[in-house]
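User: Please give a close reading of a single part of this model, with the criteria behind each term.

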Amino acid sequence: MIENSQFDFRGPLTLTPPRRPLVWAATALAAGIVFDNFLEIELSTWLAFLLVGVAVSFVTTVRQFSFRFASASVLLLILAIGGTRHHFFSQVRGERNIRRYAEPESKSARIVGVISSSIEIVESERGPRIPPWMEVDTSRFTLRCEHLENGPVWTAVSGHLRVNVNGHLVHTQVGDRIELLGDIAVSGPVKNPGGFNFQNYLDRQGVDALMRVSHPQAITFLEDSGHWRWMIPRFREAVRAEIRSVFVQHLSKKSKTIALSILLGDRSQLNAEMRDRFAESGTMHLLAISGLHVGILAGLLAAVCRLLNCSPRTTAIALIFVIVLYATITNHRPPVLRATMLIVVIVLGTLGSRRIDGFHVLAFCAGVLLLWKPSDLFDIGAQLSFLAVGAILWSSSALRFDPFKGNLEGIPVSERWRFLERLRPVGSFIFRGYVVTAAIWFATLPLTISTFHLVAPIGFALNILLIPWVAVILCLGYLLILFGILVPGLVGIVAGSFDWTVQVLLSVVSWAHELPFGHFFSPGVPVWWLIGFYLLIAMVWQLYGSEMVPRRSWYALLIWVVVGVSLGSIPPQREGLRYTILSVGHGLATVIELPTGETILYDSGTFGNGRRAERTVEQYLWSRRITQIDAVIVSHADHDHFSGLFGLLERFPVGTMIITQPFLDFQQRSVQDLCEAASEYKIPLHIVSAGDEIASSERNGIDAVRMKVLHPESEFHSMHDNANSIVLTIEYAGRRLLLTGDLEKDGLDALLSQSAEVFDVAMAPHHGSKYSNPQAVVDWSSARHVLVSSGDRNVVARLQSEVGPDTKVICTENSGAITVEVSKEGQLRVEEFLSGER
């Protein structure tokens, strides 16, 4: 049986908490990994530390030092092991590693290597706002590099590439030796505040560089590598391919997508819309194979063994065999491996009539996973998985009190209410379910908010009610797999039921997603607060056998929560005007932060799929703790200037949308979609023209910012969308900024015909294009800084040669996000995110 935390909130003031040496060991191992990741300790230091740890542990054992001193020396040794293991995993690369040949700027390369992972087919996003040329599926896999064509000779190389192929790659499989022709690169640095560090993510996956192949025909099969190590991966892929075939033949498209996710762990077919629906209904965890899925499989198998009257030993062997086999054919994510190890240990312990401490077993699983792959410590899925199981183990103490399991013998009950006795198991299930759910929510919510900025209260109410339904879906899914492989003639019977149950689940998720106040978005919590919270959680759970009174731990935790909530409610203070051009490639996304507290967007879009601009702006706003947008200015009707607004309108309350009359060209589908989205979220449209001012009221003695429209005139209407761009001036503390959108042609002529003005900073119109005559804009505005939003690294050199040395040209592709700050005293600073230059 499993033992858990032995305490009662109402209990005595002194306790004898259980000893958990494996919890201490797992913590020391994790500490070593953290130190190596953030302190960048040299390998020689770790090796010296490791030798010292071995020597001290040996001496303490031989000389029989005190228990505490011996324990400390062992923990020191384990910490050194964790740091050394992580260093070898993430930082040690050979002299011929493929990363040495790759740069942020992609270049053509021909490489020979062996496919070392399954080949995933990732469906592209499709829709009216996605250009047809981007609606191409991608084949993705990892390549173990062997040789690189270097001029007339082949050079031996090592390391791993993540390869993305445009189209479906069907003529190769894991273990094949292939030759590829494509573009190789390393992921560039983070270019925006709050941005995602993709290179760090790749490092944690053991990937050294990226390769893009334009077509499957650019990949040539050379030979089967023939190594025995590929036998199990090939068996795995053959089974997965057979199961996929069953799903494709017998399920509808949506049901197939859900089946691949919850039964095989393959989420490559999930589109952004479906992901958002599950996330915002608080049910995203149902799509990721975790302890819930593995536990239901184990329960189903145990029930079958009981029906067959199998002995405990036979049942244990069957459980271990099936669970390990299932883990083998899924996606090998940390939650799956953790659940598999947990169940195997519990089964073996039960078979041996051993009492098992749940936290001890959890620590053992964590230690094994971290030794195998240290980077899993930073995997959000692994973190949430272990926190959730820890919360379940801790909450078992609260489940000792169950109001539905009391003894009612001798209590007079009317016959007409006797039927309620039969509902007691249902009431007990709901009570216990909500207690466990509350514990999981309390433990995981801060980390969830910090990572995803999403809170879904509807998920708390819904999940416990959905678990029985999901259990039915999983049982039908496992039967579907079994019949599909062994008894194909009976697949249709199960497939119909599975399809129907999945459709019901999707309907409930869609309803929950659309429910008012079912979810909301929030800025994250400070890292220091997050660390303090989880240290206090460890004390409340008594992970380390602390003698601290549970009441005091609870009081400290509750005070800490109040502190976090109070800090989160304090609006960020602004010292002046802040204007930021974010790096979104070919497009424009800018944020204007006024000293009076308002936030205004001037465009938010990028070429092609607008999700890049949407995520970039969202991450920036969260990093600045901005929770609402007071106004959105859409400069003109070009897709790359507003394609990122659609998701932002859902995530942030928006006060108004400012446009011009020429923008309302409903022959453009994307313009119509944006206006409909504004209507859906009850955002008023405000039409402006030259001479209009966008009001910024004086507040708390802070001077207002004056924003004035220079173009277009009310009667101006060009046949060119770019020429209709809103030209905006921003004035504060004696400084002036000029925003030009994509202004060119007759619109540019109209602006230049006005009296010349003096500006400190000007935006180069139309991403610095030579057709927009940036030289004329600089001459007209006398700007000392010209800012360019572009994905072309060469634009700086060209424009700098045109405007001369007295004007500095800065481009987002070279410098990352560009921020202009104006203090209340009128001091102006221009900061480049990548270099930090001002």
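The request concerns strand S15 and its surroundings: which strands does S15 join, and how do they run?

Analyst: This is a predicted model, in which local features need pLDDT of at least 70 and side-chain atom pairs count only at pLDDT 80 or more, while totals for chains, interfaces and linings use all residues. Residues are numbered from 1 along each chain as its sequence is written, and side-chain values use heavy atoms, with hydrogens and water left out.

Strand S15 covers residues 599–606; helices (H or I, at least four residues) and strands (E, at least two) are DSSP runs, numbered from the N terminus. Eight of the eight residues of S15 are buried, and the strand is mostly covered. Buried here means under 20% relative accessible area, exposed over 50% and partly exposed in between, with a 1.4 Å probe and protein chains only.

S15 joins two strands, where pairing requires that DSSP finds at least two bridges between them. With strand S14 (residues 587–593), S15 runs antiparallel through seven bridges. Within this pairing, Val591 stands opposite Leu601 of S15. S14 and S15 form a hairpin with five residues between them, and Gly597 in the turn has a positive phi of about 105°. With strand S16 (residues 629–633), S15 runs parallel, through three bridges. Here Tyr602 has Ile633 in S16 as its bridge partner. As a general point, side chains in a regular strand alternate between the two faces of the sheet.

For context elsewhere in the model, the structure holds 19 aromatic pairs, where rings of Phe, Tyr and Trp (its six-membered ring) pair if their centres lie within 6.5 Å, with planes under 30 degrees apart counted as stacked, over 60 as edge-to-face and the rest as tilted. The rings of Phe442 and Phe533 have centres 5.6 Å apart and planes at 55°, so this pair is tilted. Because Phe442 lies in helix H13 (residues 424–452) and Phe533 in helix H16 (residues 527–541), the pair ties together parts that are 91 residues apart in sequence. Phe533 and Tyr534 have ring centres 5.0 Å apart and planes at 85°, so that pair is edge-to-face. Both Phe533 and Tyr534 are buried.
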